[in-house]
Amino acid sequence: MEEKLDNKFSNLLNDVEFAVSSIRDGSTTIDEGRYIPNSALAIETASNLIKLSAILKCLEFKEEENYESSTTN
């Protein structure tokens with residue numbers, strides 16, 4: 001489960017980094033032959049950031065659980 005979350009986190013982070021770079025540079029983004037306006041990239045990025053924060057929360061919770069179990073043993 002944790003590996004799956006790590007992979008999802010990495011993929012989302014890559015998407016966010018790409019989108020932010022495209023928006024900052026004023027690049028034209030094409031996906032499967034379709035133009036994606038920067039406003040749509042910004043909306044998608046905001047959504048992905050919310051997903052990233054949820055994954056981070058889960059990973060932090062797991063980390064806290066692991067820490068607490070290692071200190072009580």
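Mentor: What follows goes through the pocket, then the helices and loops.

This is a predicted model, in which local features need pLDDT of at least 70 and side-chain atom pairs count only at pLDDT 80 or more, while totals for chains, interfaces and linings use all residues. Residues are numbered from 1 along each chain as its sequence is written, and side-chain values use heavy atoms, with hydrogens and water left out.

The largest pocket has a volume of about 190 Å³. A pocket here is an open set of points on a 1 Å grid over the protein atoms alone, where a 1.4 Å probe fits, with protein on both sides within 12 Å along at least five of seven lines. Its volume is the space filled by probe spheres set on the points, which are joined across faces, edges and corners. Lining residues have an atom within 4 Å of a point, and among them are Asp15, Phe18, Arg34 and Asn48.

At least two lining residues come from each of α1 (2-25), β1 (29-31), β2 (34-36) and α2 (38-72). These elements are DSSP runs numbered from the N terminus, helices being H or I of at least four residues and strands E of at least two. The largest share, four residues, is supplied by α2. By class, five lining residues are nonpolar, three polar and four charged. Nonpolar covers Ala, Val, Leu, Ile, Met, Phe, Trp, Tyr, Cys and Pro; charged covers Asp, Glu, Lys and Arg; the others, Gly among them, are polar.

Now the two helices. The axes of α1 and α2 come within 9 Å and cross at roughly 150°, which makes α1 roughly antiparallel to α2. Axes are lines fitted to C-alpha atoms, for helices over the stretch in contact, with angles from 0 to 180 degrees between N-to-C directions; over 145 degrees counts as roughly antiparallel. The contact of α1 with α2 has 16 nonpolar, five polar and six charged residues.

Next, the loops. Glu32 is in the loop between β1 and β2, and its phi is near 50°, a positive value in a residue other than glycine. Glu32 counts as exposed because its relative accessibility is 80%; the cut-offs are under 20% relative accessible area for buried, over 50% for exposed and in between for partly exposed (1.4 Å probe, protein chains only). Gly26, in the loop between α1 and β1, is also exposed, with a relative accessible area of 52%. Gly26 lies 16 Å from Asp15, C-alpha to C-alpha, and Asp15 is one of the lining residues of the pocket.

Methods
Parallel < 35°, antiparallel > 145°, perpendicular 65-115°, else oblique.
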